[in-house]
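Let's take a walk through this fold, strand by strand. Have the 3D view open and follow along.

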Amino acid sequence: MKGEATVVKNAGSHYLLSCLPEWDLFPAVLRGRIRLKGSSATNPVAVGDRVSWEADDDARPTPEHPATITSVHERRNYVIRRSTNLSRQAHVIAANVDEAFIIVSLYFPEIKLPFLDRILVTCEVYNVPVTIVLNKVDLYRDFAAEQIEDFKRIYEGAGYRVIETSARTGEGIDTLRVAIGTRVCLLSGESGVGKSSIIKAIDPSLDPKVGKISSAHLQGKHTTSLYEMYRTAEGACIIDSPGLRGFGLVDLKKEEIALYFPEMLEASRQCRFTPCTHTHEPGCAVKEAVDEGRISAERYNSYLGMLEEDTKFR
Ligand SMILES: Nc1nc2c(ncn2[C@@H]2O[C@H](COP(=O)(O)OP(=O)(O)O)[C@@H](O)[C@H]2O)c(=O)[nH]1
Ligand SMILES: [Mg+2]
Ligand SMILES: [Zn+2]
């Protein structure tokens, strides 16, 4: 027996496969070493990967007699993370993603814009369309309406769609469900921002593990320890991921970083020098746009931070 399937769950060396769009899971393991050409990833197979598999006999694969993954098909795209900036090793978070939804919350836990910008840059690098989801608005709309508007100004100004949600009250969940449609979408973002809760809110029949906020730090604990795809009643495939601590940049040269800030790329066409690092050069159109408020100071600062780290660690 053999066939093709999509990886929907990955726990260590064990995988669950399904022949999407059917949702009919069966277990699989990897045969020997499958290495992807030119990849430094620690995981050769990721959730969302299309794979070929084989089983010894004609019986359906079971946990005792799992199927064997024999090859991984070429990826349309993927999202990858380097655990730290020093690390050469990278981990593929998900493959063949139609869109990434980056979940953030302004508070509980408090947002770190440079961290969000790093994720956005990674999505740009790997050609994954991205939408930002501002969750937990029920907790801070009352006292932080202005901060919400500032946040939207920054990110909508950079060209991203921002959807406000509350997994608690259900606000914005219909909008998000429509945005996801019936595609393969990745939910990513820091631990505790509500990724698993949002999946539950989108389809209450699903049961991803929701973490408790530890009151001492008002931060989420690590609750989702593996990557897993869920299929909603409406036929969307949503990938839940563990909270990301670090989100190191992968394979980016210093002069490339600004290419992945869409608003800077746009402005940089008018810079006097090419290449321009947009730091000290005369006639830099990016700096001019920052001075005039057309590019947000926050995004520009994230860019400078990435430049600096890049220089430090190479
Ligand atoms: N008030 C409120 N709490 C939320 C919301 N979304 C998630 N939470 C809570 O935040 C904590 C972490 O949620 P979880 O879904 O596990 O976050 P994850 O780590 O990103 O998957 C849990 O206690 C949730 O009940 C929201 O929209 N509003
Ligand atoms: Mg979770
Ligand atoms: Zn410039």
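Start with β8 (residues 99-104) and β9 (residues 130-134): in this predicted model, these two strands run parallel and are paired through five bridges. If you want a landmark for that pairing, look for A100, which sits opposite V130 in β9. Getting from β8 to β9 takes the chain through helix α1 (residues 113-125), and the three pieces form a right-handed β-α-β unit.

β9 also pairs with β10 (residues 161-164), again in the parallel sense, with four bridges. Here I132 faces V162 in β10. The link this time is helix α2 (residues 137-157), and the crossover from β9 to β10 is right-handed.

Now hop over to β6 (residues 78-82). Why call this strand largely enclosed by the rest of the structure? Because five of its five residues are buried. Y78, I80 and R82 point to one side of β6, while V79 and R81 point to the other. The partner of β6 is β7 (residues 90-95), which runs antiparallel to it, and R82 stands opposite A90 in that strand.

| Strands | Sense | Bridges |
|---|---|---|
| β8 and β9 | parallel | five bridges |
| β9 and β10 | parallel | four bridges |
| β6 and β7 | antiparallel | five bridges |

Finally, what about the inside? The largest nonpolar core has 77 residues, and V79, A94, I102, C185, I238 and V286 touch the most other members. Take I102: beyond its neighbours within four places in sequence, its contacts include L116, I119, L120, V130 and I132.

How values were computed:
Residues are numbered from 1 along each chain as its sequence is written. Chains are lettered from A and ligands numbered from 1 in the order in which they are written. This is a predicted model: local features need pLDDT of at least 70, side-chain atom pairs count only at pLDDT 80 or more; totals for chains, interfaces and linings use all residues. A nonpolar core is a set of buried Ala, Val, Leu, Ile, Met, Phe, Trp, Tyr and Cys residues joined through C-beta atoms within 7 Å. A residue is buried if 20 or more other C-beta atoms lie within 10 Å of its own, exposed if 12 or fewer, and partly exposed in between; C-beta atoms are placed from the backbone. Two residues are in contact if their C-beta atoms, placed from the backbone, lie within 7 Å. Two strands pair if DSSP finds at least two bridges between them. A crossover is right-handed if, with the strands pointing away from the viewer, the path from the first strand over the helix to the second runs clockwise.
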